[in-house]
Amino acid sequence: MHSTVKPSFRYQLEKQKPRVGAGGTTRGASVHEFPASIGIAGVSMRLDAGSMRELHWHANAAEWGYVISGQCRTTLLNPDGPTETDIFGPGDIWYFPRGWGHSIQGISPGECHFILIFDNGDFSEDHTFSITDWLAHTPKAVIEQNLGVSADVVAKMPKGEAYFAKGPVPNDRSFDAAPRSYPELASRHRYPLLAQQPRRIPGCGVQYIASVREFPISTGMAGALLEIEPGAMRELHWHPNADEWQYYIEGSAEMAVFLAEAQVVIDQFEAGDVGYAPMGAGHYIRNTGNGLLRVLIGFNSGHYQSNDLSAWVASNPPDVLASNLDISREAAKGLPRSPLFMVSERDAG
């Protein structure tokens, strides 16, 4: 017997109480806060200029980041060498494999806001290892020997985990702010998503996509940005190889998840909300507002795959559709004969 209580695939992330530190705030949504989010977790983080998410690594998840506003500088410890320093701005993404040490620091005149997506719904701070927490609980003589510093220097280090640290604001005149030494538009761990030529559906919207094909280092995760015009919708579809995690950047939307056996869950979303569609579950995203809808999407597979309703219908002969849907052959001929991806209000009926 099925439970009469339907799950919720909406979580109001930006309305949650944040963790606040030295110039930084963070709000998280793992499966513990958002039970539907079984395969992916996410974080909304904000850093003031000069504020740093300290040197750390994640033991149980890779990290995929997207900058919404402002600028930040990251450092990355590559176990295969070399280390890397990159500068990120709005629309840029990064990918740090599981277990790689890294830091993130705000460098713009104002706040830097970015979204972090992890390929493990059970991601938590219990599996995040910070340098200050490590050193604060290591014998002082060991630190002195390992780092070659005096006891006075060690005594001034934090006595516990800093999590956020506040420092001077790097700038282009500072040697410390020097970005990577190579001039490519995209580095190994940085991809400028908004510099991409997007997939355009006239009158409906666009899709920017970053899978392992476009961003080779991102073997375990893919991401996309959808911009949907008023009245239009990302058509009914499902992903056969990945869960889908959504962060609503701008606008309002309706999203429904089909769970089979007469179960459909419909939720209404606004900016700052998080949505989720489990692997294989049918769903759509419809713009219900008067302005542009912008949705950031993360997948826990590096390969982007989608089965769209229009493409499925178009692949079948009219007699199959007529029999299956109990409609006339003429009506079946009027169904989509090519993939749509997005549809506008005027496409209906």
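This is a short tour of one protein chain, from the whole down to a single residue pair. Keep in mind that the model you have open is predicted.

**Start with everything.** Now switch to a cartoon view, where you can look for six helices and 26 strands.

The accessible surface comes to about 16800 Å², and carbon and sulfur atoms account for 54% of it. Of the chain's 349 residues, 49% count as buried.

**Colour the charges.** Pick out the 28 positive and 39 negative charges.

**Think about contacts.** Take the contacts with a separation of 6 or more: 75% of them link residues 24 or more positions apart.

**Select the seven-stranded sheet.** Go across it in the order β1, β22, β19, β24, β17, β16, β15. The sheet is open, and its pairing is antiparallel. Which strands sit at the edges? Select residues 10–11 for β1 and 199–201 for β15; each of these pairs on one side only.

**Zoom in on two neighbours.** Next, select residues 205–210, which make up β16, along with 222–228, which make up β17. These two strands run antiparallel, and six bridges join them.

**Finish on a pair.** Show Y208 and look across to β17: the residue standing opposite is L225.

How values were computed: Residues numbered from 1 in each chain as written. Predicted model: local features only at pLDDT ≥ 70, side-chain atom pairs only at ≥ 80, totals over all residues. Heavy atoms only, no water. Pairing = 2+ DSSP bridges. Helix = DSSP H or I, 4+ residues; strand = E, 2+ residues; numbered from the N terminus. Buried < 20%, exposed > 50% of the residue type's maximum accessible area, 1.4 Å probe, protein only. Contact = heavy atoms within 4.5 Å. Areas by Shrake-Rupley, 256 points an atom, 1.4 Å probe, with all protein chains shown as cover. Lys, Arg positive; Asp, Glu negative; His and termini not counted. Charge placed at Lys NZ, Arg CZ, Asp CG, Glu CD.
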